[in-house]
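Dear colleague,

I am passing this structure on to you, and below it you will find notes on what turned up in it. Please read them with the structure open beside you.

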Amino acid sequence: MLALSHYNSSASPLLLHFSNDLGGTLEDRVAVEGFLQQGNFTSMQPTTSGAIVVILSMTLGIISNIVALFILVNAYSLQRRRSKATFLLFATSLVVTDFIGHVIPGALVLRLYLSGGVHPKDFNSSDGMCQFLGGSMVFFGLCPLFMGCAMAAERCLGVTKPLLHSSLVTKTRTKICLSVIWLVALGVALLPCFHLGSYTYQDPGTWCFIKVLSDTEEVDVAFVVLFSGLGLTSLAVALVCNTISGLTLVVARLRRKLGSHHSAKSHDIEMVVQLVGIMVTTCICWSPLLIFGLMSVIRSYTGSIGDDLSNYKTLMVMGVRLATWNQILDPWVYILLRRTVLRKIYLIVKCQAGLRGNILGRWEPTSFPTSMKKEVNQV
């Protein structure tokens, strides 16, 4: 989604000059130093390493998504099985969404970074750019979660009820489902335009998100609850569906006899393995931001955040950085968890197991009597 820059805090030269000119009482100097330590008069200066992190993150995400998109488009063009084609259509749409969601917010964050970021006193303000960046984060955050849930539900239906799946799931209905997902995510992202929530600049002034830390109102709490609730619900549904699909395939493998259904089962296993990879990646990357945002807005609204404000700011920054990696890691699920790659890994493991078996075979207990007889005969 985006990469956040690192900042250093430095005291204002005017304030330092003021503290030196006091020259009077010790109490005056202590008071000024107290203001400095509290950060009431600080200026934020971006570091060079932050720019490098932003550029490297964007480059890695763009390359990863382009490679995965090439693989998926090529597989989709060669695939004749309708169930596999439907899955690839979902997967291709997910990668395209991840790609756009990585480039647009990342470019806006880089622009904010190069302009020096937003001053802390303006964190609660919002302009057109902040509105667009915050809406982009919500939209491109919900889309992958919804798509992962839809893909898991589609595969669960295909594995458990193949006949019903073949009659219900078509390319046209899949495209309609994708359109509904994009429209729902867009509708949620546009709620602040109707004063149902708000986007504000977040610490350290290089990104925008839903207001969660200060001056929160009931609509802000409702907006965060809606966003986090939809995201966590999508993850939970995907977890249940993938668990059912995985257990169904394991049971089918145990009961399967040699026949003509081996290819279909291998396709199903490949798709479920990829879905599990997507689910694990999404849970690790998105759960912290969804949970931290919910915790922050509730404590802020109830007025109990108090001295923990700086800790919650740190948690929010950590959460959005993890969410950024989701759009970088998702493509590698399709790159690394393809059937050809899995088959090579299986053959390598099988060869290693065979070598170990041969080594152990050289030391079988039945070989010891023979060697003992040879020694006796020699004596």
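The "transmembrane region" annotation, which comes from an unreviewed UniProt entry, covers residues 51-75, 87-112, 132-153, 174-201, 221-251, 272-295 and 315-337; UniProt positions are given in the numbering used here, feature names are shortened, and annotations may be inferred rather than shown by experiment. The model is a predicted one, in which local features need pLDDT of at least 70 and side-chain atom pairs count only at pLDDT 80 or more, while totals for chains, interfaces and linings use all residues. Residues are numbered from 1 along each chain as its sequence is written, and side-chain values use heavy atoms, with hydrogens and water left out.

Helices (H or I, at least four residues) and strands (E, at least two) are DSSP runs, numbered from the N terminus.

Helix α5 (residues 128-160) has 33 residues and reaches 48 Å from its first C-alpha to its last, close to the 48 Å expected at 1.5 Å a residue, where the expected span is 1.5 Å times one less than the number of residues. Of its 33 residues, 26 are buried, so α5 is largely enclosed by the rest of the structure; buried means under 20% relative accessible area, exposed over 50%, and partly exposed in between (1.4 Å probe, protein chains only).

Leaving aside neighbours within four places in sequence, Ile210 is in contact (heavy atoms within 4.5 Å) with residues including Val138, Phe223 and Phe227.

Finally, Thr170 lies in the loop between α6 (162-168) and α7, and is partly exposed, with a relative accessible area of 23%. Although Thr170 and Thr86 are 84 residues apart in sequence, they are 7.2 Å apart in space, C-alpha to C-alpha.

With best wishes
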